[in-house]
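Trainee: Hi, I have a few minutes before group meeting. Could we look at a structure together?
Mentor: Happy to, let me put it up.

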Amino acid sequence: MSKYWSDFVSQLEPYVPGEQPKISNVAKLNANENPYGPSPQALEAMQSLANDDLRLYPPMNADDLKQTIAHHYSLVKEQIFVSNGSDEVLAHAFNGLLKQSKPLLFPDISYSFYPVFCQLYGIEYEQIPLTDDFSIDIEDYKRTNGGIIFPNPNAPTGRVLGLEAIEQLLRANPDTVVVVDEAYVDFGGQSAVALINQHSNLLVVHTMSKSRSLAGMRIGYGMGSVELIEGLERIKNSFNPFPLGQLQIAAAIASFNDTEYFQQTCERIINSRDQVTERLQALGFEVLPSAANFVFARHKDTHAEALALALREQGLIVRHFKRPRIDQFLRITIGNEQQNARLLSTLHEILAA
Ligand SMILES: *Cc1c(COP(=O)(O)O)cnc(C)c1O
């Protein structure tokens with residue numbers, strides 16, 4: 001608290017990301033980062049641009065990147081919005097599309113940044129409980145709303161919703177915007193991008209932080225009808241007209257052009273996820289079916305918080321949420337093969353003790 005803060009700032013409860021410990025030899029399985037590095041071509045592209053040209057402002061509309069993304073998803077560049085991480089795309093969507101006179105709907109167990117954005121922008125919201133098996137039932141969303149947002153696959157559950165269900169939601173709500181936050185879609189599930197040209201109320205948000213291993217570069221993008229994208233551009237050009245620098249733009253384009261590396265690393269993570277799931281089940285965990293690069297698991301007789309602490313003492317950091325309904329669960333990011341093996345053997349020792 002400070003006397004210099006406005007009342008508004010004093011009342012904010014900011015989002016708290018997974019910690020970034022400085023200790024070495026830690027297996028960081030708490031923030032859904034990619035264990036494999038970015039595409040070597042993306043690194044090269046950035047290195048080649050670290051020169052005097054950085055004195056210039058970046059291209060105003062990042063047109064080359066929009067073109068690359070548009071081509072990748074069979075859209076046109078006027079259907080693409082790019083920004084500094086998908087959190088910033090989401091922020092502009094909350095402010096520009098989801099702030100309406102009726103309440104915004106999102107699941108009770110979901111990305112914990114959503115209520116923070118609502119608080120920041122003064123958006124009324126209703127949290128719709130996930131079903132007992134932690135899935136989204138779209139029947140629960142057929143009610144008056146000023147917009148709907150959910151991650152698909154959902155975080156932190158990892159569960160995925162099919163495209164038919166999303167299409168039903170879009171049809172039932174033609175006058176409000178439906179945002180599908182597909183941060184993890186490259187690890188499983190079908191992208192709602194395929195529905196964009198039939199539904200002008202759909203915004204699909206992607207990040208390059210997870211499947212493309214560029215969390216440190218802060219690149220996200222939104223895809224939707226030209227009118228939705230124009231709305232986001234109006235906010236962006238009233239806030240920060242240059243959210244992406246030259247290096248970000250170059251890294252993103254190079255990453256999209258290196259399809260082979262992208263597919264190989266995603267496949268490796270998906271295979272590891274399925275193996276880790278089986279091994280956790282053998283250790284007595286219930287694991288929700290995951291289409292993401294993490295698993296959400298609870299042990300039949302050991303408390304999640306105690307497990308998280310014991311893992312931490314062994315240098316393995318996982319995420320535990322002290323929140324109703326999910327405080328028995330651990331969210332464990334899929335690491336590289338060595339990290340996963342270390343996780344499983346350490347859990348084995350803890351549970352045998
Ligand atoms: C990681 C994550 C984001 C944020 O991604 P950035 O592009 O790094 O800001 C958004 N939504 C969900 C559901 C996420 O898990």
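Mentor: One term before we start: buried means under 20% relative accessible area. Also keep in mind that this is a predicted model.

Trainee: Thanks! Which residues of α3 are buried, then?
Mentor: In α3 the buried residues are L65, K66, T68, I69 and A70.

Trainee: Let me pick T68. Why does T68 count as buried?
Mentor: T68 sits in helix α3, which covers residues 63-72. Its relative accessible area is 17%, and the cut-off is under 20%, so T68 counts as buried.

Trainee: And what does T68 touch?
Mentor: Leaving out residues up to four places away in sequence, T68 touches I253, F256 and N257.

Trainee: What about the backbone just after α3?
Mentor: There you find S74, with a positive phi of about 55 degrees.

Trainee: Is A62 buried or exposed?
Mentor: A62 is buried, at 7% relative accessibility. F134 is another one to look at: its phi is positive, near 65 degrees, and F134 lies in the loop between β4 (125-128) and β5. With 5% relative accessibility, F134 is buried as well.

Trainee: Switching topic, where are the cis peptide bonds?
Mentor: One joins N152 and P153, with omega about -5 degrees. Another joins A155 and P156, where omega is about 5 degrees.

Trainee: Which loop holds P153?
Mentor: P153 is in the loop between β5 (147-151) and α6 (163-172). P156 is in the loop between β5 and α6 too.

Trainee: Now the big picture. How is the chain divided into domains?
Mentor: Domain 1 takes 7-37 + 260-352, while domain 2 runs over 40-258. Over C-alpha atoms, the centres of the two domains are 24 Å apart.

Trainee: How many residues from each domain take part in the contact?
Mentor: Domain 1 gives 33 residues and domain 2 gives 33 residues.

Trainee: What area is buried between them?
Mentor: About 2,800 Å² is buried between domain 1 and domain 2, and carbon and sulfur atoms give 60% of that. On the domain 1 side, Y15, F262 and R325 lose the most area to domain 2, together 26% of what that side buries.

Trainee: How many salt bridges and polar contacts are there between the domains?
Mentor: There is 1 salt bridge between domain 1 and domain 2. As for polar contacts, 16 residue pairs make them, counting pairs with both residues at pLDDT 80 or more.

Trainee: Which elements of domain 1 supply the side that touches domain 2?
Mentor: At least two residues each come from α1 (7-11), α9 (259-282), β10 (294-299) and β12 (329-333). The largest share is that of α9, with 7 residues. By class, that side of domain 1 has 20 nonpolar, 6 polar and 7 charged residues.

Trainee: One last thing about R325. Which side chain does R325 meet in a salt bridge?
Mentor: R325 meets D108, at 3.0 Å from N to O.

Notes. Residues numbered from 1 in each chain as written. Predicted model: local features only at pLDDT ≥ 70, side-chain atom pairs only at ≥ 80, totals over all residues. Heavy atoms only, no water. Domains from an automatic or database assignment. Contact = heavy atoms within 4.5 Å. Buried area = accessible area lost by both parts, 1.4 Å probe. Salt bridge = Lys/Arg side-chain N within 4 Å of Asp/Glu carboxyl O. Polar contact = N/O pair within 3.5 Å; in protein donor to acceptor, adjacent residues only side chain to side chain. Helix = DSSP H or I, 4+ residues; strand = E, 2+ residues; numbered from the N terminus. Nonpolar A, V, L, I, M, F, W, Y, C, P; charged D, E, K, R; others polar. Buried < 20%, exposed > 50% of the residue type's maximum accessible area, 1.4 Å probe, protein only.
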